[in-house]
Amino acid sequence: MLMVSSFITVFRVEETCIDVHLNPMLATYINDPEAKLANSPEKARTLHSTGLNNAKEMEVVSWWVLGFLGKYPVEIMASLACVVLLLFRCYRRDGLPTNWPVLGAIPAISVNAGRVHEWLTEFLRAAPGMSHVIKGPLGTPVDVLVTANPADVAHIFTANFGNYPKGEEFAALFDVLGDGIFNADGESWAFQRRKAHALLSDGRFRDAVAGSTARKLDDGLVPLLDGFVSSGAVVDMQDVFMRLTFDLTAMFVFGVDPGCLAANFPRVPFAAAMDDAEEVLFYRHMTPVGWLRIQTYLNIGHHKKMNQARQVLDASIAEFISLRRERAAGADDGADLLTLYLACQAEVGKEGAEFDRFLRDTTLNLMIAGRDTTSSALTWFFWLLTKHPDVEAKILSELNKNPPSGQHRTAAELKRLVYLHAALSESLRLYPPVPFEHKAAVRPDTLPSGAAVGTTRRVIVSLYSMGRMESVWGKDCLEFRPERWLNEAGRLQHQPSYKFVAFNVGPRTCIGRDLAFSQMKAVVAAVVPRFRMEVAGTEAIPKLSIILHMKDGLKVRVHNRQDDASIGAS
Ligand code: HEM
């Protein structure tokens with residue numbers, strides 16, 4: 001019916017063009033010399049080239065359209081009715097986004113562009129099997145299965161791991177990471193993982209990191225927060241945590257403290273370049289490939305931004321490497337990964353510029369792995385504490401009952417803070433710093449949720465949505481309840497990794513998990529007994545980025561907890 005009606009309309013359009021002089025609604029223009037000109041193709045060209053005034057042009061077009069509508073109302077109404085019927089049939093009323101003919105899911109995407117994570121969560125809750133396919137407009141290769149199904153996750157990340165490598169497409173998308181561990185597959189990945197895992201779990205390295213973290217908290221973070229208490233100023237704790245974790249990560253990766261947390265909040269080009277690179281990486285997920293290619297060809301927009309960021313990153317890392325080489329000859333502190341990597345060049349099997357490139361890629365990957373994830377986790381955790389004073393009180397009580405044996409808590413003492421561990425895990429469940437992962441199958445596959453994926457259909461696993469599925473976490477899945485991580489005896493209750501995915505699952509699971517927990521616990525133990533935060537900003541909304549930062553930061557006033565206690569007592 002639609003086809004027939006469209007044919008009639010098209011035919012009539014042509015007829016109208018030919019017989020326009022017969023249309024009574026154009027009579028005025030037939031008597032108008034300029035309109036007469038428009039009826040002759042040759043003269044119309046002359047008129048066009050001499051420049052018909054725009055308003056007149058609009059008038060002519062309007063009369064054409066009105067004349068056309070007046071002459072063929074039945075055909076137009078029939079076509080419109082068919083289009084509406086088709087749209088009505090396509091429109092989904094089950095809470096899932098519609099893949100419209102021609103447009104694909106663009107209407108739903110544009111309506112929800114500012115709240116992607118919430119949107120995915122809403123429709124995945126309604127979707128059978130917690131998964132749903134999203135398509136791009138006609139002619140684009142966008143065809144993505146979005147899933148929050150733990151069985152799909154176990155299948156992709158563990159059981160069928162070999163069929164879901166990072167692949168060339170991922171490496172091209174994340175080109176700034178070079179051949180580092182995040183982009184690598186096969187032997188190169190296995191070697192890097194073995195090496196990084198051995199270094200990160202080295203006892204001497206862990207002790208050194210615990211010591212340098214404690215010093216940074218005592219000499220950097222605590223005095224800074226004291227200053228905020230005195231000034232009463234509103235501060236962005238997200239910025240503070242980003243600066244802190246940048247310094248902490250640079251200290252254990254390069255053995256250098258870049259001083260990003262200094263009281264004057266200096267602009268550190270390396271940190272700013274990391275922010276820019278991450279922003280571009282996110283937009284690459286959302287931008288049509290054709291437009292990305294044009295940007296690359298013309299070196300404009302996001303491509304230009306990435307190039308500039310890359311130059312800063314490369315220069316900063318080269319400087320750190322040369323600094324470390326100068327010092328490494330005599331130094332034996334073993335507190336940073338760069339020194340450990342420099343010492344195992346023979347094992348890496350690369351020389352000269354090739355080895356330098358290996359060091360650049362490895363250290364940048366570790367910086368990204370360590371800085372943003374931990375700062376994002378701390379930001380959401382401290383925001384949750386402001387909303388849940390009961391949880392904060394339990395953490396305080398646990399810290400008071402388990403004081404440090406020396407000046408600071410050792411790694412083993414931090415491990416014993418079970419309630420704090422549960423509270424951090426609960427925060428990571430609701431606000432995973434890596435909110436989604438992107439996978440592509442080498443060979444066509446069918447996931448446990450029933451969806452078929454293949455070489456053209458990609459998979460997006462929403463880690464953000466996975467923590468918010470009622471069928472997985474129960475009716476109270478949206479509540480912040482650390483107790484769900486504890487058994488009746490008050491011990492930590494294990495949750496299967498395909499269910500709690502914040503640190504990834506399977507062979508590519510995060511190798512910095514223990515280090516991250518130690519660092520986060522050390523920060524909480526340094527801050528919570530001394531300070532209380534009062535939110536002074538607007539809503540906490542996730543930013544659109546590959547890392548779950550807060551869109552407007554975490555604006556707070558910092559209070560001294562002892563002042564609170566004395567006010568309470570008086
Ligand atoms: C709260 C903090 C952290 C969270 C939530 C987290 C989460 C994750 C996730 C989701 C992945 C998988 C990424 C992917 O494959 O695309 C990952 C991988 C990784 N993480 Fe973490 N991470 C954290 C902290 C750290 C720290 C402190 C380090 C130490 C440098 C680290 C090192 C790594 C490395 C090297 C990988 C790559 C593993 C591989 O591909 O085999 N992470 N992490």
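**Chat about a predicted model**

Student: Where is M130 found?

Tutor: M130 is found in the loop between helix 8 (116-126) and strand 1. Helices (H or I, at least four residues) and strands (E, at least two) are DSSP runs, numbered from the N terminus. This is a predicted model: local features need pLDDT of at least 70, side-chain atom pairs count only at pLDDT 80 or more, and totals for chains, interfaces and linings use all residues. Residue numbers start from 1 along each chain as its sequence is written.

Student: What is the phi of M130?

Tutor: Positive, about 55°, although M130 is not a glycine.

Student: Is M130 buried or exposed?

Tutor: M130 is buried, with 24 other C-beta atoms within 10 Å. Buried means 20 or more other C-beta atoms within 10 Å of a residue's own, exposed means 12 or fewer, and partly exposed is in between; C-beta atoms are placed from the backbone.

Student: And what about N504?

Tutor: N504 also has a positive phi, about 70°, and is not a glycine. N504 lies in the loop between helix 24 (470-473) and helix 25. With 19 C-beta neighbours inside 10 Å, N504 counts as partly exposed.

Student: How many bridges join strand 1 to strand 2?

Tutor: 5 bridges, and the two strands run antiparallel. I134 stands opposite V144 in strand 2.

Student: Now the ligand. Which residues come nearest?

Tutor: A369, T373, C510, G512 and A516, of the 22 residues around the ligand. A residue is near if its C-beta atom, placed from the backbone, lies within 6 Å of the molecule. Helix 11 (186-200), helix 19 (352-387) and helix 25 (513-527) each give two or more residues to this shell.

Student: Which helix gives the largest share?

Tutor: Helix 19, with 6 residues.

Student: How many residues of helix 19 are buried?

Tutor: 27 of the 36, so helix 19 is largely enclosed by the rest of the structure.

Note on methods:
Two strands pair if DSSP finds at least two bridges between them.
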